[in-house]
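Dear colleague,

Please find below the structure that I am handing over to you.

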Amino acid sequence: MNKKWWQKTVVYQIYPRSFMDANGDGIGDLQGIISKLDYLQELGIGAIWLSPVYQSPMDDNGYDISDYQAISEEFGTMADMDELLAEAHRRDIEIVMDLVVNHTSDEHAWFVEARQSKNNPYRDYYIWRDKPNGLKSIFSGSAWQLDEETGQYYLHLFSKRQPDLNWENPKVHQEVYDMMNFWIDKGIGGFRMDVIDLIGKDIDQELTGNGPRLHEYLHEMNRATFGDKYLLTVGETWGATPEIAELYSAPEREELSMVFQFEHVTNTYLDEGEKWDKKNFSVPLLKEIFAKWQGLEKGWNSLFWYNHDLPRIVSIWGNDKTYRVHSAKAFAILLHLMKGTPYIYQGEELGMTNYPFQTIEEVNDVESRNMRVERLEQGYSETEILDAIRRVGRDNARTPMQWNVQPHAGFTTGKPWLAVNPNYQDINAEGAISNPDSVFNTYKALINLRKHNDWIIYGDFELLNSADEVFAYLRKYQGKKYLVVVNLSDQVNPFTTGFVPYKSVITNDKVRQEISQIELKPWEAFAYEVE
């Protein structure tokens, strides 16, 4: 295998608004991130995926960009960005920038020009039609917005303040590639590509994801920007199958390093319904999905539980009350010993939980607020709506990072832009670092294991038969075998195997001397080298 640096490293996602506030305005910033680089070095990560810090009116918290080559004032300056790059590199940490090129802000200079007239030189940078078709916005309602000035509709697959770029226009490609090379020249370590599977869309056929020219565009992008560099590139691809993922990530195709696939996430959505509608967590289905993706042959896997758009794993699938620490560690052990590049979302390494929202006034997220308006019209009650937001709303992952027991969890000296979870007195970084049994120290151990054990990176994967709620697999490498067993439930579960433990790799409980026929405790997880 052609070995790459990003196969051995673990990536840590920072949502800048919520990570650390250095100037007391209640919003996280670049100087705040710089102040916490030693913490990330202690954890052991090798790269930071930085959610957008570009200039933006913040209609969608920075995913609506008005200038790709400027830093939003609330986060700092370009000098701060240069300092972050330098300080991260000093600690052997790469910075992976968020690349948002399916759409811009409606305040971007291109769109301001485009809406001046139908024959403006920038008009064709965006997608216009005389009449809307049936395309829906991911943030509710029609994906078309009438522009009163010119009498045409523009496409926005997200907020109406996020007009979609027209990738059928070669000038758009060149603008994007020039911008990417600007950041590459600054020394970034790669790009996480926001909803990149949408840029090849065929609007008149109402086809958005995995469109006919998508891979042509990505190959061209590779050649024009990062292809001859040693960079990590990961695409956000909600509709990917393993076959589609190999089109993106097979090295000979010269597209991306890997993609984020979301099959394990959408596993909890109804077959016919929206993410807001509850479906019980199915461990057998999770096993089937992960085993399928571990079989990826020509490409490379990403491994993650959640991100800034998804609820906290310990709350939605774990037990964030009685077994919070055990279940958080169980999810970590299960994921980090598989084949692929793991991504940690800020606070995941502390076992941070969903927020107990009581009123809609506590909710900031545009998607959740739009859903509420839509569902009230459909007859849903406020109670039902808030229950859905508490379960899967995007703000759950966006509450400020919990650093210590000081007011606002040490995140800010001002009033935080989003309320801090009230459990910060018990769940915080300061307490976790000093506690050898903390979730943090399990993550630290797993990251260290990956750095020094090639079986984790290159070994074969074999799913083992087990009780429904037990996830057990073997990793095999150079004649050695490693057994990973995780009980994903509040119940005791049996586990039978013919293996003899040779050496303990990691556990979230006491080391077992015998594992041939055992009763697994709730949320027990372990890995052994076995004979």
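This is a predicted model: local features need pLDDT of at least 70, side-chain atom pairs count only at pLDDT 80 or more; totals for chains, interfaces and linings use all residues.

Two strands are taken as paired if DSSP finds at least two bridges between them.

**Sheets**

On that rule of pairing, β6, β8 and β7 form an open sheet of 3 strands, in the order β6-β8-β7, with antiparallel pairing. Strands β6 (128-129) and β7 (144-147) each have a single partner strand and stand at the edges, so one side of each is left without a neighbour in the sheet. Between β6 and strand β8 (residues 152-155), which run antiparallel, there are 2 bridges. Trp-128 has Tyr-154 in β8 as its bridge partner.

Strand β10 (residues 232-236) is joined to β11 by 3 bridges in the parallel sense, and Glu-236 has Phe-260 in β11 as its bridge partner.

**Helix pairs**

Two pairs of helices may be described in turn. Helix α12 (residues 324-336) packs with helix α16 (residues 439-452) at an angle of about 10°, and their axes are 9 Å apart. Angles under 35 degrees count as roughly parallel, and α12 is therefore roughly parallel to α16. On the side of α12, the contact is made by Val-325, Ala-328, Lys-329, Ala-332, Ile-333 and His-336. On the side of α16, Val-439, Thr-442, Tyr-443, Leu-446 and Arg-450 take part. Divided by class, this contact of α12 with α16 has 7 nonpolar, 2 polar and 2 charged residues.

The other pair consists of helix α7 (residues 214-224) and helix α8 (residues 242-249), which pack at an angle of about 30° with their axes 10 Å apart. Helices α7 and α8 are therefore roughly parallel to each other as well. Here Leu-214, His-215 and Leu-218 in α7 meet Ile-244, Leu-247 and Tyr-248 in α8. The contact of α7 with α8 comprises 5 nonpolar residues, 1 polar residue and no charged residues.

**Pockets**

Rolling a probe the size of a water molecule over the atoms shows where empty space is left.

Which residues lie nearest the centre of the largest pocket? They are Ile-138, Phe-158, Trp-238, Lys-275 and Glu-367, out of the 29 residues that line the largest pocket. The volume of this pocket is about 790 Å³. Helix α13 (residues 366-377) supplies the largest share of the lining, 3 residues. By class, the lining of the largest pocket consists of 10 nonpolar, 8 polar and 11 charged residues.

The second largest pocket has a volume of about 500 Å³. Its lining is made up of 22 residues, and Lys-4, Trp-6, Pro-251, Leu-256 and Ser-257 lie nearest its centre. The lining of the second largest pocket has 8 nonpolar, 8 polar and 6 charged residues.

**Cavities**

How many cavities of 30 Å³ or more are there? The count comes to 4. The largest cavity holds about 130 Å³ of space. It is lined by 13 residues, and those closest to its centre are Val-265, Thr-268, Leu-310, Pro-311 and Ile-316. In the lining of the largest cavity there are 10 nonpolar, 1 polar and 2 charged residues.

The second largest cavity holds about 50 Å³ of space. Among the residues that line it are Gln-13, Trp-49, Phe-260, Phe-262, Phe-304 and Tyr-306. Asn-307, Tyr-343, Ile-344 and Tyr-345 also belong to the lining of the second largest cavity. Strand β13 (residues 341-345) contributes the largest share of this lining, 3 residues. By class, the lining of the second largest cavity has 8 nonpolar residues, 2 polar residues and no charged residues.

With kind regards

How values were computed
Residues are numbered from 1 along each chain as its sequence is written. Side-chain values use heavy atoms; hydrogens and water are left out. Axes are lines fitted to C-alpha atoms, for helices over the stretch in contact, and angles run from 0 to 180 degrees between N-to-C directions. Helices (H or I, at least four residues) and strands (E, at least two) are DSSP runs, numbered from the N terminus. Angles under 35 degrees count as roughly parallel, over 145 as roughly antiparallel, 65 to 115 as roughly perpendicular and the rest as oblique. Contact means heavy atoms within 4.5 Å. Ala, Val, Leu, Ile, Met, Phe, Trp, Tyr, Cys and Pro count as nonpolar, Asp, Glu, Lys and Arg as charged, and the others, Gly among them, as polar. On a 1 Å grid over the protein atoms alone, a cavity is a set of points where a 1.4 Å probe fits but cannot get out, and a pocket is an open set with protein on both sides within 12 Å along at least five of seven lines; lining residues have an atom within 4 Å of a point. Grid points are joined across faces, edges and corners, and a volume is the space filled by probe spheres set on the points.
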